[in-house]
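Please open the model in a viewer and keep the sequence panel beside it.

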Amino acid sequence: QLRRECSYRIEGGFPTARFWTLYAADQSLGVVETGKPRLAALQSYEVLRQADNSVTISAGHHPMPGNWLLTGGAGRMYFVLTFYDTPIASSTGLSDISLPRIVKAGCDA
């Protein structure tokens, strides 16, 4: 269970896709309200990648270097990752697909 009071790292490889989006969602699966002009969303064209094409994204209340997904508020949270124009939609080998992992980095008291 993900909490909006905590910070997380989303790290690893992403399946092949022409474009993907990632956003922090509330219970209704709408974008988390941050109270700031910055949305709780990122997309594949704006992220910094490692030499091996993997991505590390920090998610939380406080600014972080690199790829940062702002979250805000309190309560339950979800990450919604959407792929566009991807061969995995027509693949029967779904067991070969690896998604990035979510690691809890810490929580506010």
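With which residue does Arg-101 form a salt bridge, and how far apart are the closest N and O atoms? The partner is Glu-11, and the closest N and O atoms are 2.7 Å apart. A salt bridge here is a side-chain nitrogen of Lys or Arg within 4 Å of a carboxyl oxygen of Asp or Glu.

Two remarks on the source apply throughout. This is a predicted model, in which local features need pLDDT of at least 70 and side-chain atom pairs count only at pLDDT 80 or more, while totals for chains, interfaces and linings use all residues. Residues are numbered from 1 along each chain as its sequence is written, and side-chain values use heavy atoms, with hydrogens and water left out.

**Stop 1: the salt bridges**

Keep Arg-101 and Glu-11 selected. Arg-101 lies in strand S8 and Glu-11 in strand S2, so this pair ties together parts that are 90 residues apart in sequence. Strands are DSSP runs (E, at least two residues), numbered from the N terminus. Arg-101 is exposed, with a relative accessible area of 52%, whereas Glu-11 is buried at 15%. Buried means under 20% relative accessible area, exposed over 50%, and partly exposed in between (1.4 Å probe, protein chains only).

Arg-9 is partly exposed, with a relative accessible area of 31%.

Then select Asp-85 and Arg-18, whose closest N and O atoms are 2.5 Å apart in another salt bridge. Asp-85 is in the loop between S7 and S8 and Arg-18 in the loop between S2 and S3, 67 residues apart. Both Asp-85 and Arg-18 are exposed. Shared partners join Arg-9, Glu-11 and Arg-101 into one network. The whole structure holds four salt bridges.

**Stop 2: the mixed sheet**

Select S6, S5, S2 and S8, which form an open sheet in that order with mixed pairing. Two strands pair if DSSP finds at least two bridges between them. Strand S6 (67-70) and strand S8 (101-107) are the edge strands, each pairing on one side only. Neighbouring strands of this sheet are turned by 25° against each other on average, direction ignored; the axes are lines fitted to C-alpha atoms.

S5 and S6 run parallel and are joined by four bridges. Centre the view on Ala-59 in strand S5, which stands opposite Leu-69 in S6. Ala-59 is buried, with a relative accessible area of 1%. The C-alpha atoms of Ala-59 and Ser-7 are 5.5 Å apart, although the two residues are 52 apart in sequence.

**Stop 3: the antiparallel sheet**

Now select S1, S7, S3 and S4, an open antiparallel sheet in that order. Strand S1 (2-3) and strand S4 (41-43) stand at the edges with a single partner strand each, so one side of each is left without a neighbour in the sheet. S3 and S7 pair over seven bridges in the antiparallel sense. Leu-22 stands opposite Leu-81 in S7.

**Stop 4: the nonpolar core**

Finish with the largest nonpolar core, which has 19 residues. Such a core is a set of buried Ala, Val, Leu, Ile, Met, Phe, Trp, Tyr and Cys residues joined through side-chain atoms within 4.5 Å. Trp-20, Leu-22, Ala-24, Ile-57, Leu-69, Met-77 and Phe-79 touch the most other members. Strands S2 (6-12), S3 (19-25), S5 (55-60) and S7 (76-84) each supply at least two residues of this core.

Key
Axes fitted to C-alpha atoms, helices over the stretch in contact; angles between N-to-C directions.
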